[in-house]
Amino acid sequence: MGQLVAIVGRPNVGKSTLFNRLTQTRTAIVDPTAGTTRDRQYGKVDWNGKEFSIVDTGGWVVNSEDVFESEINKQVNLAIEQADEILFVVDAMNGVTDLDDHVAEILRKSKKPVILVANKVDSNDWLYNVAEFYSLGLGEPYPVSAVSGYGTGDLLDEVVKKLPEKEDDEERLDDIPKFAIVGRPNAGKSSLINAFIGEDRHIVTDIAGTTRDSIYTRYNKFGFDFYLVDTAGIRKKNKVNEDIEYYSVIRSIRAIEASDVCILMIDGTRGIESQDSNIFSLIQKNKKGLVVCVNKWDLVEDKSITAIKHYEAAIRERFAPFTDFPIIFTSALTKQRIFKVLETAVKVYENRKRTVPTSQLNTVMQEAIEAYPPPANKGKYVKIKYITMLKGAPVPTFIFFCNLPQWVKEPYRRYLENKIRENWDFNGTPINVFMREK
């Protein structure tokens with residue numbers, strides 16, 4: 001499973017800019033106005049083969065006029081509690097402030113690995129200001145410029161070095177499928193887990209998870225044998241409604257990274273909401289298998305075939321371009337079709353492990369390529385000569401060897417992926433398509 005790194009600090013020190021730099025995206029809104037970041041941002045960072053999740057937080061403030069102050073501070077505290085490592089960002093141009101001292105005191109008490117990041121070192125003149133941050137008592141400050149990228153390589157080297165290694169318990173779980181039940185609060189995750197387990201507790205073994213917030217529940221009924229990665233009980237952590245949704249996503253990051261297949265719960269009475277899309281995005285970024293479970297179907301008035309098709313179309317449209325995943329309409333309360341959820345999750349897990357013989361792959365795909373060859377670019381024609389499937393990859397990965405891989409664009413890769421899905425069953429699992437020079 002991956003690790004979680006949180007970016008914290010007072011407002012307007014460049015946390016969102018650093019988030020965008022490290023994730024190589026432009027997801028987080030960047031603005032000189034203090035307090036711009038209220039909604040949390042989550043991303044993946046890949047540095048020298050080491051991958052981890054990263055979360056951006058709002059600026060820590062006290063006694064301000066911002067009506068969101070208390071909620072932002074609570075969410076920062078949750079991020080600190082859940083993170084494996086913390087990036088504490090300060091402003092090299094302004095020096096140490098009272099708010100920096102306040103945050104530093106909280107971080108020292110947290111006992112978490114902390115890396116002090118002195119941002120806005122946009123020229124060598126500002127390097128002389130960095131030394132004063134030693135007074136915060138958090139070790140050596142790393143001078144960086146989130147805008148230009150200066151120093152971020154050394155920073156990432158240090159981040160990767162301080163990340164905890166996998167626990168032995170986690171290694172032992174690798175041979176058995178792991179299914180995570182994820183979704184926003186009140187979607188019915190706890191009810192579904194209870195419906196799966198039932199009252200026959202003697203055939204269920206609870207094992208403490210390798211992280212402090214995941215519980216593995218072994219399920220070995222009816223010929224099945226897998227672990228449920230339990231994210232139930234989110235509400236017990238904090239009764240403040242504004243915190244619940246944020247804590248849900250932090251827990252979802254953990255559960256998704258720990259799993260092979262994710263069962264995404266959607267509340268059938270409320271439809272698809274932005275939080276569902278956020279969690280779906282996390283599943284996609286982590287390349288996990290997916291089963292969408294529309295729960296509380298017993299409470300929906302219109303249960304006709306037309307309504308079901310309309311609902312399915314709306315889900316696939318919202319989650320496009322990845323649309324090849326199963327959708328099941330269930331009721332955890334009445335146990336309607338919950339057995340189908342388990343069967344489908346097992347099938348998606350098997351699809352992730354599916355291998356296609358090289359000879360068969362070349363025969364079928366070469367016909368598809370001849371029927372619709374890659375578009376020519378500047379008079380140059382791409383010739384795909386050989387296709388193979390990578391052995392031992394965590395997700396199905398196909399390598400297309402050709403003369404000009406740089407000219408094969410994303411639309412044609414999607415065409416190849418669609419042809420693969422048409423001929424072999426990879427329902428519910430992402431596919432990697434890579435072009436390599438022959």
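Before you click, know that the model is predicted: local features need pLDDT of at least 70, side-chain atom pairs count only at pLDDT 80 or more, and totals for chains, interfaces and linings use all residues. Residues are numbered from 1 along each chain as its sequence is written, and side-chain values use heavy atoms, with hydrogens and water left out.

**Stop 1: T23**

Select T23 and you land in helix α1, residues 15–23. (Helices are DSSP runs of H or I with at least four residues, strands are runs of E with at least two, and both are numbered from the N terminus.) Is T23 buried or exposed? With a relative accessibility of 10%, T23 counts as buried; the cut-offs are under 20% relative accessible area for buried, over 50% for exposed, and partly exposed in between, using a 1.4 Å probe and protein chains only.

Next, show G43, K44, V45 and I54, which T23 contacts once you leave aside its neighbours within four places in sequence. Contact here means heavy atoms within 4.5 Å.

**Stop 2: E158 and K162**

Time for salt bridges, each one a side-chain nitrogen of Lys or Arg within 4 Å of a carboxyl oxygen of Asp or Glu. The whole structure has 14 of them. Pick E158 and K162, whose closest N and O atoms are 3.9 Å apart. Both sit in helix α4 (residues 152–162), 4 residues apart, or about one turn of the helix. K162 is partly exposed at 34% relative accessible area, while E158 is buried at 11%.

**Stop 3: D260 and K178**

Which side chain does D260 meet in a salt bridge? Select K178: the N to O distance is 3.9 Å. D260 is in the loop between α8 (241–257) and β11 (261–267) and K178 is in strand β7 (residues 178–182), so this pair ties together parts 82 residues apart in sequence. Both residues are buried.

**Stop 4: K419 and E422**

Jump to helix α13 (residues 410–423), where K419 and E422 lie 3 residues apart, about one turn of the helix. They form a salt bridge, with 3.4 Å between the closest N and O atoms. K419 is partly exposed at 22% relative accessibility, and E422 is exposed, with a relative accessible area of 57%.

**Last stop: a network**

Finally, select K44, E51 and E257 together: salt bridges with shared partners join them into one network.
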